[in-house]
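Trainee: I want to learn how to read a ligand site and a helix from coordinates. Where do we begin?

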Amino acid sequence: MRSTPLHPVARLPEEWSVSLAARGERSFTAKQVFQWIHRRGVLDPAAMTNLPARLREHLAAEGLGEVLTPERVHRSEDGTRKLLLRLRDGATIETVLLPSVSGPGSHAQLDADAAAADDEDDDAAAEADAAPRVRVTQCISTQVGCAMGCGFCASGVAGLKRHLGAEEIAGQVLLGRAMLEEGEELRNVVYMGMGEPLHNYEATARSLRLLTHPEGINLSTRRVTVSTSGLVPEIARLGADFGGQIALAISLHAADDETRSALMPINRKHPLDELLAALRAYPLPRRRRITIEYTLVAGQNDDPAEARRLAKLLRGLPVKINLIPMNPIEASSLGPPAQERVAAFQEVLTQAGYSCFVRRRRGDDVSAACGQLVLLGAKPKVRRALG
Ligand code: SAH
Ligand code: SF4
């Protein structure tokens, strides 16, 4: 539970209703305040022109104002923008805007991948006649650093500095949306930046409610993906709290406990049989699939025999698999396998009937150290084979 009062940016309309009614404000002001913040992205009470002056003063006194300051924007040649954001206590986090890559076929595929949704292609067909928009996926952080200690990950090596508040998680999207360029549309949000979202469950869940609220940014739940290293009790909680509507991505990275525990310490607490049971129990809507992320680390988890074990392990689960050749990080000598090895691993899974993508890295030229933030993009094997 939070010991500090809820930041104004983290409050839902029903919470504004209670606090503003207690101050004698009229009932519709709660919705107005929420809309100013989350629909219009205005965090300065002085600019909330349709509110009475005494209410604007009250909001300012409550601390309503910017929660994040953009410190730097790195722009990659492929259009990826990585934002370094400073928090009020001086810590920094990163968020990335990933515009969909143009070109025949790639558009819908990238979006589908990012959102872990299966019905995107239908949408794409329905929207084909509309004015062309560049769909942007935003990758957001939930913690400063991470406590999970995965050896291939820059955040894991750094360790946990602190959790983010819901206002800081949702605030990244408010900023990202404000930085969209002509013709761009924020389409998907993926919780794949710094930190383990389910280790910061309360703030993550609240941020999901904020981002998907119809009076606010109004993202569709199926276009929001939470990625987790496998915190079993919280997977169940997320499923129950959101009725399975939030898209789920699982960082699996191995198909046997020994290999997985060596890469991901969390596996000692929640081994594979427990994790797989949690995935089977997730109340996934029909036609939707769980995304399995598999970071390929040379000499660790890239053997074709491991791919066969993976095929067996996932049998019967509605999944699609993203293979991610490890992005080298400074603090580790681990690295990605050779391309042929990646292809061989993919071949085993494709042959076993899985839809399996190799995600290439985007924004390499701005990537600095944070591997997970610069990943996106996929090509299904069949498409590559067809040229
Ligand atoms: N903590 C969550 C979400 C953030 S990490 C999780 O682990 O799922 C998002 C993804 O990036 C994870 O699949 C993670 O394993 C992957 N990742 C982290 N560091 C990486 C690296 N150096 N190269 C490739 N993938 C990496
Ligand atoms: Fe944390 Fe995810 Fe990195 Fe593991 S991969 S250390 S869980 S951010």
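This is a predicted model: local features need pLDDT of at least 70, side-chain atom pairs count only at pLDDT 80 or more; totals for chains, interfaces and linings use all residues.

Trainee: How much of the accessible area of ligand 1 does the protein cover?

Mentor: Compare with the ligand on its own. Ligand 1 then has 530 Å² of accessible area, and the protein covers 95% of it.

Trainee: How many residues surround ligand 1, and which are the closest?

Mentor: The count is 21. Phe 152, Ser 227, Ser 251, His 253 and Asn 327 are the closest. By class, the shell has nine nonpolar, ten polar and two charged residues.

Trainee: Which strands each supply at least two residues of that shell?

Mentor: Strand E8 (224-228) and strand E10 (290-296) do. Ser 227 is found in strand E8.

Trainee: Is Ser 227 buried or exposed?

Mentor: Apply the cut-off: buried means under 20% relative accessible area. Ser 227 has 8% relative accessibility, so it counts as buried. Its side chain also makes a polar contact of 2.7 Å with the side chain of Glu 293.

Trainee: Which residues are around ligand 2?

Mentor: Read them along the sequence. They are Cys 146, Met 148, Gly 149, Cys 150, Cys 153, Gly 156, Gly 195, Glu 196 and Ser 229. That shell divides into four nonpolar, four polar and one charged.

Trainee: Now the helix. How far does H14 reach from its first C-alpha to its last?

Mentor: Check the span against 1.5 Å a residue.

Trainee: Which residues of H14 are buried?

Mentor: Val 342, Phe 345, Gln 346, Val 348 and Leu 349. They sit on the same side of H14, because they cover an arc of only 155° around the axis.

Trainee: Which residues are exposed on the other side of H14?

Mentor: Gln 339, Glu 340 and Gln 351.

Trainee: What comes just after H14?

Mentor: Look at the backbone angle. Gly 353 takes a positive phi of about 100° there.

Methods
Residues are numbered from 1 along each chain as its sequence is written. Chains are lettered from A and ligands numbered from 1 in the order in which they are written. Side-chain values use heavy atoms; hydrogens and water are left out. A residue is near a molecule or strand if one of its heavy atoms lies within 4 Å of it. Accessible areas come from the Shrake-Rupley method with a 1.4 Å probe; for residues, only the protein chains shown count as cover. Helices (H or I, at least four residues) and strands (E, at least two) are DSSP runs, numbered from the N terminus. Ala, Val, Leu, Ile, Met, Phe, Trp, Tyr, Cys and Pro count as nonpolar, Asp, Glu, Lys and Arg as charged, and the others, Gly among them, as polar. The expected span of a helix is 1.5 Å times one less than its number of residues. Buried means under 20% relative accessible area, exposed over 50%, partly exposed in between (1.4 Å probe, protein chains only). The arc is that of the directions from the helix axis to the C-beta atoms. A polar contact is a pair of N or O atoms within 3.5 Å; within protein, one must be able to donate a hydrogen and the other to accept it, and residues adjacent in sequence count only if both atoms are side-chain atoms.
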